[in-house]
Amino acid sequence: MRALTVVPMQKDSLAVQDMPAPDEGLGDLLVQGLAVGVCGTDHELASGLYGWAPEGSERLIIGHEGLGRVAEAPDESGFNAGDLVVSIVRMPDPEPCGACAHGEWDMCRNGKYTEHGIKQLHGFAAERWRVQSKHTVRLDPSLESVGMLLEPTTVVAKAWEQVDRVGGRGWFDPKSVLLTGAGPIGQLGAMIGAQRGLDVHVLDQVTDGPKPQLVADLGATYHSEPVDEVLKKVKPEIVIEGTGAVPVIRAALQDSQPYTITVLTGISNPGKETSVDLGALNRDLVLDNGAVVGSVNANLRHYEAGAKALAAADRSWLERLVTRRVPLEKFDDAFTPQPDDVKVVLTIAD
Ligand SMILES: [Zn+2]
């Protein structure tokens, strides 16, 4: 079967290859791959920065923002042939740590988890894949063209859950949220904020292309002014940071309101030093009961929440979030960024 693969840690090894059909032992569901979303992690895998092939394989099938249709499912699995499905990406440790043993592999403590399309498990950019029904979520059938957006939606579903749990330590009735970065994470996080009836604000550098209109069509406000000005004007009670950009993070931490919950979801590179008045920052965080939380990945609960959020979203808005659809064979195009990209998707045909 055809699949998009890399030799992990080897630059320019990205290629569509004929790969062995998935082994039955990998899971009770046999799934026909429909599409995968391409994200920064895939670009880093293609650049040879990291990646781990399954044992006994030189190549790793990439693609973790998967979408497929069940081809074969045993009766007791709860799934039927034809179901639209997404598999979770991260799998618990073979010998689980406490968090993994409790179904919270997104909170894994020892790093021994595996991840489809990234770490020791093949991904979903393939004509067929096998997964376990207990690690799979069914999508509303009307999400066939946009269901690959579930994985990035789970990341923000988890971020929103962190907001609820941290906020719930005291009286909490937020009215406004600022999302920094208007890529898929910022857009989908804003979509959930709008579904919650909040006053939603999204900040990004760009002033043209599809991002401002996508935000406006959620009933949210788009900003491209300097971040500190936006923070002073909007006074958000929640900040979901998705850029990983040091000046944005610094401003979000320094210019926050009392009880602000800041969820950091963007990953920055080490070595970006900046000067921060840590005394003032600590003083503000303590005296204002501020909270800064890191959040990554998602567990089954967040996949279910994400699937509900997508099912409740406007289909044409979701369609416009996918700015390019590229057939698997033309993967080079998909991996060549264009200025107006929001989410690029690879389509997999039989
Ligand atoms: Zn673990």
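Which strands each supply at least two residues of the lining of the second largest pocket? They are β9 (120-121) and β10. Strands here are DSSP E runs of at least two residues, helices are H or I runs of at least four, and both are numbered from the N terminus.

Quick ground rules. This is a predicted model: local features need pLDDT of at least 70, side-chain atom pairs count only at pLDDT 80 or more, and totals for chains, interfaces and linings use all residues. Residues are numbered from 1 along each chain as its sequence is written, and side-chain values use heavy atoms, with hydrogens and water left out.

Back to the pocket. β10 gives the largest share of the lining, four residues. The space is about 650 Å³. Of the 28 lining residues, the closest to the centre are Leu 26, Pro 54, Gln 120, Leu 121 and His 122. A pocket is an open set of points on a 1 Å grid over the protein atoms alone, where a 1.4 Å probe fits, with protein on both sides within 12 Å along at least five of seven lines; lining residues have an atom within 4 Å of a point. The volume is the space filled by probe spheres set on the points, which are joined across faces, edges and corners.

Next, Ser 133. This residue sits in the loop between β10 (128-131) and β11 (136-138). Why is Ser 133 called buried? Because its relative accessible area is 14%, and buried means under 20% (1.4 Å probe, protein chains only). Ser 133 touches Asp 28, Leu 29, Ser 77 and Phe 79, not counting residues up to four places away in sequence. Contact means heavy atoms within 4.5 Å.

Now the metal. Asp 93 (OD), Cys 97 (SG), Cys 100 (SG) and Cys 108 (SG) coordinate the zinc ion at 2.3 to 2.6 Å. Donors are N, O and S atoms within 2.8 Å of the metal (3.2 Å for Na, K and Ca). The spacing in sequence is D-x3-C-x2-C-x7-C. Angles among the four donor atoms run from 105 to 117 degrees, and the site is tetrahedral. That label needs four donors with all angles between 85 and 135 degrees. Cys 97 and Cys 100 are both buried.

Last, Gln 187, in helix α4 (residues 184-195). Gln 187 counts as buried because its relative accessibility is 0%. Leaving aside neighbours within four places in sequence, its contacts are Ala 182, Lys 211, Leu 214, Val 215, Leu 218, Trp 317 and Leu 321.

Conventions. Buried means under 20% relative accessible area, exposed over 50%, partly exposed in between (1.4 Å probe, protein chains only). Four donors count as tetrahedral if all angles lie between 85 and 135 degrees; four count as square planar and six as octahedral if opposite donors are over 155 degrees apart and all others between 65 and 115; anything else is irregular.
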